[in-house]
Amino acid sequence: MSRRAVRVLRLGAVPYAEALRVQERCVAAARAARGGPGGDVPGDAVPAESVVLSEPARPVYAWGLRGAPGAAAAAALRARGAALVAARRGGHITFHGPGQLLAFPVLDLRRRRLPLRGYVAGLEALVLRLCRRLGLRAARALPPPFTGVWMGDSKLCAIGVHCGNHITSHGLALNCCTDLSWFEHIVPCGLEGTGVTSLSRELGHHVAVSHVLQPFLDSFQEVFECTLVSSEDPGD
């Protein structure tokens, strides 16, 4: 049986809003490929599923269904030079910025017969595989209601997803060489008493986003049992 093809869009360093726009085009294409809302593009034109990879070019604080900052807090965050974005995903406020890998998988959970909790567990599993590849064997996932990948009491990778009509969007943010001081101005993911860490901090040397892309994609293929197909044009 052939493995499902998933299109990979490597955007590089772009504004967070641009990554969201590309993601939404991928969501529309995935819905169209199975005859859902969003058009009637043939499903065999390009792979129906995608994963959008990017590195935020500028600092931004984003929140999901909960945890929007009040007016005074929002003004203070803007004064530090960060943009503010309300994202259509689960979760509280967090930080995105340079040195962080953002991965937005656009997968059809109905076709995969995969429940949402199983999908989130899959995202955690692929980051754990990545960590093992990099020699970081102490990384772990915690039982629900916690999500993400942790080193002790510090979160290494945050996960926040949306699923509409069984099509996923948003995904994960992995701190590679992120300036962690940006997290000091918020309660990351709404979790009091926990910290934030990065691959660079844990491994003791600089780990750029570019260094983790291939091991990330290798782990993605293994966990989601797919064949990744590179795409040069985020609009196709």
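Here are a few notes on the salt bridges in this predicted model.

1. Start with the overall tally: the structure holds 7 salt bridges. Side chains of opposite charge can pair when their charged atoms come close.

2. Take Glu49 and Arg112, which form a salt bridge with their closest N and O atoms 2.9 Å apart. Glu49 sits in strand β2 (residues 49-56) and Arg112 in helix α3 (residues 109-112), so this pair ties together parts that are 63 residues apart in sequence. Is Glu49 buried or exposed? Glu49 counts as buried, at 3% relative accessibility. Arg112 also comes out as buried, at 18% relative accessibility, because the cut-off for buried is under 20%.

3. Next, have a look at Asp108 and Arg111, whose side chains meet in a salt bridge at 3.7 Å, N to O. Asp108 is buried, with a relative accessible area of 4%, while Arg111 is partly exposed at 38%.

4. Then there is Arg117, which forms a salt bridge with Glu124; here the closest N and O atoms are 3.5 Å apart. On the arginine side, Arg117 is partly exposed, with a relative accessible area of 36%.

Notes. Residues numbered from 1 in each chain as written. Predicted model: local features only at pLDDT ≥ 70, side-chain atom pairs only at ≥ 80, totals over all residues. Heavy atoms only, no water. Salt bridge = Lys/Arg side-chain N within 4 Å of Asp/Glu carboxyl O. Helix = DSSP H or I, 4+ residues; strand = E, 2+ residues; numbered from the N terminus. Buried < 20%, exposed > 50% of the residue type's maximum accessible area, 1.4 Å probe, protein only.
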